[in-house]
Amino acid sequence: MSGPPEGARERLAAAQVALLRALLENAEAPPGFAPERLRAQAEALRRKRRRVVANLRPELLDQLGDRFATLFDSYARQHPRRTGTTARDDADAFARWLAHRDDVPRSPSRWWHRFRS
Amino acid sequence: MVSVLPRLGVGIGWRPEIDLTVERLPGVEFVEVIAENVRGWSLPESLRLLMERGIPVLPHAVSLSLGGADPVDRSRVAHLAAAADALGAPLVSDHIAFVRGGGMEAGHLLPIPRTRDTLDVLVANVLDAQAELPVPLALENVAALVEWPDAELTEGQFLAELVERTGCWLLVDVHNLYVNARNLGHDPREFLDTVPLEQLAYVHVAGGQDHQGLYHDTHAHPVPQPVLELLGELRHRVEPPGVLLERDDRYPADAELAAEIASIRAVVEPAA
């Protein structure tokens with residue numbers, strides 16, 4: 001099967017990775033894009049990712065309250081989701097990131113909560 | 001390419017949160033299910049029930065990243081093929097978009113540059129995917145907040161050439177056309193005049209919301225009137241084989257969904 005012309009995949013990869021880095025890692029805007037649109041798209045992506053994690057780990061939302069969004073966005077900028085990981089992996093990684101920062105108590109763990117209730 | 005797709009009628013996206021609603025809504029003639037959530041050996045009871053009633057269940061994929069720079073991931077195509085087999089689906093679909101690159105996942109369908117280079121890569125990826133799929137593949141236009149610079153083709157021209165070179169079918173999302181008209185100034189009528197509507201598999205209809213000066217494709221709000229008008233514009237040009245309402249969040253009462261389905265039907269099946 002004949003593929004795309006020589007170099008086409010490489011050129012497209014460079015352009016797409018530059019856009020992804022701007023959107024996911026807050027890297028510099030690639031030339032030709034409207035910066036305010038990139039910010040709006042980046043925010044929409046984080047909002048979607050945050051909603052998924054909040055649904056998977058409602059206890060983190062409970063514990064962090066108003067700080068959930070700010071903390072999650074800070075985590076997300078440092079840790080774009082990697083190919084091959086699931087939304088559940090993302091939620092677990094966020095919980096570990098928080099624990100490392102001591103933003104949520106290391107214990108009680110969830111099973112301990114359930115024991116008490 | 002000669003191929004015949006069935007008439008689908010009016011349908012709704014099946015989601016686990018509204019499974020009972022979908023089962024009892026009047027006038028649902030077909031449904032769509034997110035392909036990545038389908039496991040052939042354990043289909044939800046609700047989908048089995050719909051299939052027993054003879055309602056077509058179409059797997060709609062979101063992760064093939066056919067517009068991505070990398071060659072298609074064969075395991076993802078194999079999963080979509082298995083979903084089509086498990087559901088007995090007459091066709092499958094994904095998007096004209098990319099969702100990953102450089103080891104990063106966007107978690108969302110992002111637009112691709114409308115250049116000759118990109119079209120060549122997309123065509124190669126689509127041909128590779130089609131070779132592994134047991135049924136026809138339909139591809140959907142996406143909603144965008146950002147515009148790639150240096151476009152060489154309009155979205156309509158880009159899709160027309162994609163269809164010509166791959167024989168793929170079109171899944172036209174009229175809400176996404178509306179989003180791109182609002183945010184990017186694209187002309188949805190030029191799109192409808194340019195794409196080969198004889199290759200139309202079906203149509204998506206949804207709703208969105210204004211947020212900080214942009215219009216977002218939320219699938220969590222009612223279908224706005226201008227989107228029904230665009231559906232009417234499409235209907236002027238072709239009788240769509242199917243039209244499907246997508247609702248993914250903030251699910252309203254059954255009656256509200258039934259009313260939206262009725263509004264869609266009124267546009268595409270006007271009383272004789």
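Predicted model: local features only at pLDDT ≥ 70, side-chain atom pairs only at ≥ 80, totals over all residues.

Student: Just after α6(B), which residue takes a positive phi?

Tutor: The place to look is just after the end of the helix, where the phi value is about 75°. The residue with this positive phi is Gly185(B).

Student: How are α8(B) and α9(B) arranged, roughly parallel or roughly antiparallel?

Tutor: The axes of α8(B) and α9(B), the latter covering residues 254–268, come within 9 Å and cross at roughly 30°, and the crossing is right-handed. Leu228(B), Leu231(B), Gly232(B) and Arg235(B) of α8(B) meet Ser263(B), Ile264(B), Val267(B) and Val268(B) of α9(B), a set that divides into five nonpolar, two polar and one charged. Angles under 35 degrees count as roughly parallel, and the two helices are therefore roughly parallel.

Student: Turning to the contact between the chains, which element gives the largest share of the side of chain B that touches chain A?

Tutor: The contact takes 29 residues from chain A and 26 residues from chain B. On the chain B side, at least two residues each come from β5 (98–101), β6 (104–110), α4 (116–132) and β11 (214–216), and by class this side has 12 nonpolar, nine polar and five charged residues. The largest share, six residues, comes from α4(B).

Student: How does α1(A) lie relative to α4(B), roughly parallel or roughly perpendicular?

Tutor: The axes of α1(A), residues 8–24, and α4(B) come within 9 Å and cross at roughly 110°. Since angles from 65 to 115 degrees count as roughly perpendicular, α1(A) is roughly perpendicular to α4(B).

Student: Which residues of α4(B) make this contact with α1(A)?

Tutor: By class, the contact of α1(A) with α4(B) has three nonpolar, one polar and four charged residues. From α1(A) come Ala8(A), Arg9(A), Arg11(A) and Leu12(A), and they face a set from α4(B), namely Asp117(B), Thr118(B), Asp120(B) and Val121(B).

Student: What is the pattern of chain A, read along the sequence?

Tutor: The secondary structure of chain A comes to six helices and zero strands, and buried residues make up 22% of its 117 residues. Read along the sequence, the pattern is α-α-α-α-α-α.

Student: Within chain A, does Ala95(A) count as buried or partly exposed?

Tutor: Ala95(A) lies in helix α5, residues 87–101, and, leaving aside neighbours within four places in sequence, Ala95(A) is in contact with Arg57(A) and Leu60(A). The burial cut-off is 20 or more other C-beta atoms within 10 Å; because Ala95(A) has 17 C-beta neighbours inside 10 Å, it counts as partly exposed.

Conventions: Residues numbered from 1 in each chain as written. Chains lettered and ligands numbered in written order. Contact = placed C-beta atoms within 7 Å. Helix = DSSP H or I, 4+ residues; strand = E, 2+ residues; numbered from the N terminus. Nonpolar A, V, L, I, M, F, W, Y, C, P; charged D, E, K, R; others polar. Axes fitted to C-alpha atoms, helices over the stretch in contact; angles between N-to-C directions. Parallel < 35°, antiparallel > 145°, perpendicular 65-115°, else oblique. Buried ≥ 20, exposed ≤ 12 C-beta atoms within 10 Å, placed from the backbone. Left-handed = near helix turned anticlockwise from the far one by under 90°.
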